[in-house]
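Colleague: Could you walk me through the packing and the surface of this one?
Modeller: Gladly, here it is.

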Amino acid sequence: MELYAHASLLRGKNACLKVIFGLTVLILCMALESTAVFLWVTVSMMALAVFGGRMKLSAYLGLLGIPLFFILFGGCALWFATGDIGQTCHVTLRAISAVSTFYFLTLSTTVGELMSVLQRFHVPP
C-alpha cells in the first residue's frame, strides 16, 4: 500500500489536512445512523482514492477485496445470530465505509507523512 501512496497524486497535499479530513469523516460515519451516509462515504472515499490519486479501479478493488471478504463473512454471521437483515446491512455498510475511509488515508499518505502528523499531535505521547 505504501507504493500506491508514493504514486498517488494526493501525496504532495497537506498530510495534516488529509488526516483531519479522514478522521472527521470516520467520526461522522460512526456517529450518524444513516445508510445513505455510509453509501456516500464509501463511494466518495473510493472516488478520492481512485480518481484523485490516479489509482486503477481494479487495483483499489483488489486491495478492498480482503477486508470486504471478512466484513461480509461477519455480516453473514451477524445475520444468522440475530435474524435481522436490516441491522446486518446497517453494520456491514458502516464497516465498509470505515474501511474505505482508512483506505483513502493510507493510499494517499505515506507512512512518513502519517508519522509526522502523529508526532505533531503527540500521539503516542
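Modeller: A nonpolar core is a set of buried Ala, Val, Leu, Ile, Met, Phe, Trp, Tyr and Cys residues joined through side-chain atoms within 4.5 Å. Buried means under 20% relative accessible area, exposed over 50%, and partly exposed in between (1.4 Å probe, protein chains only). This is a predicted model, where local features need pLDDT of at least 70 and side-chain atom pairs count only at pLDDT 80 or more, while totals for chains, interfaces and linings use all residues. Residues are numbered from 1 along each chain as its sequence is written, and side-chain values use heavy atoms, without hydrogens and water.

Colleague: Which elements give two or more residues to the largest nonpolar core?
Modeller: That core has eleven residues, including Ala49, Tyr60, Ile71 and Tyr103. Helices are DSSP runs (H or I, at least four residues), numbered from the N terminus. The elements asked for are α3 (35–52), α4 (57–82) and α5 (85–108).

Colleague: Is Thr42 buried or exposed?
Modeller: Thr42 lies in helix α3. Leaving aside residues up to four places away in sequence, Thr42 touches Leu93, Ile96, Ser97 and Ser100, where contact means heavy atoms within 4.5 Å. Its relative accessible area is 17%, so Thr42 is buried.

Colleague: Which residues does Ile71 touch, not counting those up to four places away in sequence?
Modeller: Ile71 belongs to the largest nonpolar core. With those sequence neighbours set aside, its contacts are Thr92, Ala95, Ile96 and Val99.

Colleague: Why does Leu118 count as partly exposed?
Modeller: Leu118 is found in helix α6. Leu118 counts as partly exposed because its relative accessibility is 34%.
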